[in-house]
Amino acid sequence: MKITIQNIRKNYGKKMVLKDVSFTVESGKCVGILGGNGCGKSTLLSILAGVQQADGGAFLYEDKNLFTYTRQRAQLVGYVPQGTPLIEELTAKDNLSLWCSKEKMEKELSGGVFKLLGIDEFLKVPVSKMSGGMKKRLSIGCSIAHDPPILLLDEAMAALDIACKQKIFEYIETHKKRGGMVLLVTHDVMELQACDEWYILKDGVVHPFTYTGDTHALVRSF
Amino acid sequence: MKSYFSLQWKRVMKVLPFVSVVTVVLFAGIAVVLSGLIIADQSDDKNMKLRIGVTGDTDNSILKMAIAAFQNFDESRFTITFVEMEEKQAEKELSEGGVTAYLILPDDFVEKAMRGEMEPLYYVTSAGATNIVTMFKNEITTLVTDVVVSSQKGSFGLQEALEDNDIADTEGWVDELAVEYVSAIMQRAKVLAVNELQITSGVRIANLYLCSLTVLFLMLLGLPFVAVYARRDRSLNVLLVSRGMSVGKQLYDEWLPHFLSLLGLAAVVFVPVICLSATSNTMLADLLSTQEWLRYMILFVPVLAMVSAFNLFIFEVGGNVVSATLLHFFAALCMCYVSGCFYPVFTFPRAVQAMERFLPTGLARETLMLSFKVDAAFYPVIGVVAYGVLFFAAACAVRTYKVRRWEGVCG
């Protein structure tokens, strides 16, 4: 089981953001996408999530192009966008109820993913009174509530404290062990350590990169 | 799994107590303005008097009689009160608005008139632009001059003729004739009738006020909802799109609770008014019959549907709470202003008057005014519904753009 991103192109008017993006994410692997600001990382994820349309290319899962099978894509992909995709006036429980059934929620809270993310600690707290870390964990909980095998994380751990990051890392590890695939867009060196493969997006094309912990080498490759 | 609609409904319910308080305050304010306008209008119709000072030589008893006759036999809609006073006092009162104008009767005015000398009366008024008020004053000047001068000339001429022919006026013919004179001349007062120039569009002015202020009320009713609907963070919309919920479905699920809550709020404030109207003999009962109130409430539905779609569009465009609040407030006020919800639209230039009928607020008012009309064309309802659809489509377009842009600018 794997996902294949094949020759994806995207233009904004005359500006070509993605020229020819192609790579593969194997089952149980986490792939990190790096790049400078405005290079098209988030655009790539939003295309894969179905928010934007690509001008060309394919997103293959078990030989099915998910750009065509949109319903299946909605079930297979868990997308954590930038920001907080939450309803501020409502509690964590209310927000989760939008994305999963009551039974599923109880199951996940008693020992599943929601428990792992620590959502059970603030279940009845309104989002407006939550810290940034709580919101992010809840956002991830909402995005993956339907157990998708493909996880797209767009700077999901930005501005979080180490404890929160640790919880999310734990979840990513669990997801990988279950055979899931993770595509992670980040600027954070610490997050890169959770990845198995790395790509640098530059001038609309992805370049493979091996991260060894040498930050200077990473910066030079931008 | 709860639907997006049910969560939106829950959101709206959470802010409803606050919104209800704002609604009641807004409604009370507008009701006060409406009752003030209606009372002022009724008072204008029944009691409006032009107070005109009379200064100079007013000692002559026959002149006093003519003035008294003038006041008593006024058949016009507007009556005139003559008040005798000193010239300085008249000047002071004119500057303070106590009198509309004052007349200066020259010395020996009556005697000179008896001799047939044309001594003019001086009519002093404040300076003003050439408008309906000035025209009105001019008419009054002419009228007063005619009444006083002509009646005096006629009655004194007759008296002189009687005396020349040694005929005693034992039957009071001169006085009777003077009175007839005044009465006849007073027919001219009809030129003072105010032409309302279609401003009522076939309904009473009080009902026009009611419809205009109701539109203003409904347009402002959405303002407290800005805090619920206006948001800069589009990630929830993005996530919903990625999970297969279209922007149109999202907006529909947001619009419906908003529309229903507005409908509920309108019912909360208007139903007691209808009950009061049906059970009491107050100004409300004069304003609309129970049947008209019911028609009015039914016509509320398309208007509120359009208003809620308009609100949603503004919330989408505004983006954040401050921008959306300002945008909503000024857009609502401007549209209401141009549609004649504050001032009768005939006071505006013709181009604006032509535009009024095509604005959503103008159509909304026309729709509400159908409550009072029989066999009226229903085009305003169609216009209101069309605007509702247009606003909804525009809101969809703005959200689609923002959802796509949300990720586009971040990557």
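L151(A) stands opposite V182(A), a residue of strand 8 of chain A. The model is predicted, so local features need pLDDT of at least 70 and side-chain atom pairs count only at pLDDT 80 or more, while totals for chains, interfaces and linings use all residues. Residues are numbered from 1 along each chain as its sequence is written, and chains are lettered from A and ligands numbered from 1 in the order in which they are written.

Strands here are DSSP runs of E with at least two residues and helices are runs of H or I with at least four, both numbered from the N terminus. Two strands pair if DSSP finds at least two bridges between them. In chain A, 6 strands form an open sheet of mixed pairing, in the order 6-7-8-3-9-10. Strand 6 (77-80) and strand 10 (205-209) of chain A are the edges, each pairing on one side only. From one strand to the next, the twist averages 20 degrees; axes are lines fitted to C-alpha atoms (for helices, over the stretch in contact), and angles run from 0 to 180 degrees between N-to-C directions. Strands of a sheet pair through backbone hydrogen bonds, either parallel or antiparallel.

Strand 7 and strand 8 (residues 181-185) of chain A are parallel partners, joined over 5 bridges. Here L152(A) faces L183(A) of strand 8 of chain A as its opposite residue. Strand 8 of chain A is also joined to strand 3 of chain A, in parallel, by 4 bridges. Across that pairing V31(A) stands opposite L183(A), and G32(A) has L184(A) as its bridge partner. Strand 3 of chain A pairs with strand 9 (residues 197-202) of chain A as well, again in the parallel sense and over 4 bridges. The bridge partner of I33(A) in strand 9 of chain A is Y199(A).

Next comes burial. A residue is buried if 20 or more other C-beta atoms lie within 10 Å of its own, exposed if 12 or fewer, and partly exposed in between, with C-beta atoms placed from the backbone. In strand 8 of chain A, 5 of the 5 residues are buried, so this strand is largely enclosed by the rest of the structure. In a regular strand the side chains alternate between the two faces of the sheet. From strand 8 of chain A, M181(A), L183(A) and V185(A) point one way and V182(A) and L184(A) the other, all of them buried. Strand 3 (residues 30-34) of chain A is mostly covered too, with 5 of its 5 residues buried. C30(A), G32(A) and L34(A) point to one side of strand 3 of chain A, V31(A) and I33(A) to the other, and all are buried.

D147(A) belongs to the loop between helix 6 (132-143) and strand 7 (150-154) of chain A. Its phi is positive, about 55 degrees, although D147(A) is not a glycine. With 16 other C-beta atoms within 10 Å, D147(A) is partly exposed. N7(A), in strand 1 (residues 2-12) of chain A, also has a positive phi, near 50 degrees, and is not glycine. N7(A) has 13 C-beta neighbours inside 10 Å and so counts as partly exposed.

Residues are in contact if their C-beta atoms, placed from the backbone, lie within 7 Å. The contact between the chains takes 33 residues from chain A and 22 residues from chain B. On the chain B side, helix 1 (4-47), helix 9 (235-242) and helix 16 (379-408) are the elements that give two or more residues. Helix 9 of chain B provides the largest share, 6 residues. By class, this side has 9 nonpolar, 5 polar and 8 charged residues, where Ala, Val, Leu, Ile, Met, Phe, Trp, Tyr, Cys and Pro count as nonpolar, Asp, Glu, Lys and Arg as charged, and the others, Gly among them, as polar.

Notes. Two residues are in contact if their C-beta atoms, placed from the backbone, lie within 7 Å.
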